[in-house]
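Q: Please take a close look at one part of this structure and describe what surrounds it.

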Amino acid sequence: MDRRRGIQISDARDSKRSLNGKLISTLNHNWSQPSSLAIDAYGILWTADIGANQVYTLENSEFNKIKIQTKAPILLAPFPPTDLLLLESGPKARLIRISRD
């Protein structure tokens, strides 16, 4: 994932072949500085953009901005059973639990 090429999805089966997998799709978006990807329990792709201070979901090939106050989101991680954790960077860093329910 980078701001020039968007999110590239390949058919790689393991990490040794991840750079050699066949490209299936590229999902473009006007990224500022993308920093993290995560997939939640519902199969929804979440992305963090540290440069824009935004978090997005990808549903039906469309990026949707999540209404959350965040500064410098650097990491998204699944938090079972259905939530995600968002880590912010900086002097007042926070760990935020995000729930879709």
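Leaving aside its neighbours within four places in sequence, which residues is Ile96 in contact with?

A: The model is predicted, so local features need pLDDT of at least 70 and side-chain atom pairs count only at pLDDT 80 or more, while totals for chains, interfaces and linings use all residues. Residues are numbered from 1 along each chain as its sequence is written, and side-chain values use heavy atoms, with hydrogens and water left out.

Once the neighbours within four places are set aside, Ile96 is in contact with Ile68, Gln69, Leu84, Leu85, Leu86 and Glu88. Contact means heavy atoms within 4.5 Å.

Start with the sheet. Strands (DSSP runs of E, at least two residues, numbered from the N terminus) E7, E8 and E9 form an open sheet in that order, with antiparallel pairing. Strands count as paired if DSSP finds at least two bridges between them. Strand E7 (73–79) and strand E9 (95–98) each have a single partner strand, so they stand at the edges and one side of each has no neighbour in the sheet. From one strand to the next, the twist averages 25°, taken between lines fitted to C-alpha atoms, with angles from 0 to 180 degrees between N-to-C directions. E7 is joined to strand E8 (residues 83–88) by 6 bridges, and Leu76 has Leu86 as its bridge partner in E8.

Next comes the core. Ile96 belongs to the largest nonpolar core, which has 11 residues, including Leu76, Leu84, Leu86 and Ile98. Such a core is a set of buried Ala, Val, Leu, Ile, Met, Phe, Trp, Tyr and Cys residues joined through side-chain atoms within 4.5 Å. Buried means under 20% relative accessible area; exposed means over 50%, and partly exposed lies in between (1.4 Å probe, protein chains only). Strand E4 (45–49), E8 and E9 are the elements that give two or more residues to this core. A second, separate core of 5 residues includes Leu45, Tyr56, Leu58 and Phe63.

E4 is also where Leu45 lies. Leu45 is buried, with a relative accessible area of 14%. E4 runs antiparallel to E3, joined by 5 bridges, and Leu37 is paired with Thr47 of E4. The two strands form a hairpin with 5 residues between them, and Gly43 in the turn has a positive phi of about 85°.

The whole structure has 2 aromatic pairs. Rings of Phe, Tyr and Trp (its six-membered ring) pair if their centres lie within 6.5 Å; planes under 30 degrees apart are stacked, over 60 edge-to-face, and the rest tilted. Trp31 and Tyr56 are edge-to-face, at 5.9 Å centre to centre with 90° between the planes. Trp31 is in the loop between strand E2 (23–27) and strand E3 (34–39) and Tyr56 is in strand E5 (residues 54–59), so this pair ties together parts 25 residues apart in sequence. Both Trp31 and Tyr56 are buried. Trp31 also pairs edge-to-face with Phe63, at 5.3 Å and 80°. Phe63 is in strand E6 (residues 62–65), 32 residues from Trp31. Trp31 has a relative accessible area of 5%, and Phe63 one of 17%. Trp31, Tyr56 and Phe63 form one aromatic cluster.

Methods: Helix = DSSP H or I, 4+ residues; strand = E, 2+ residues; numbered from the N terminus.
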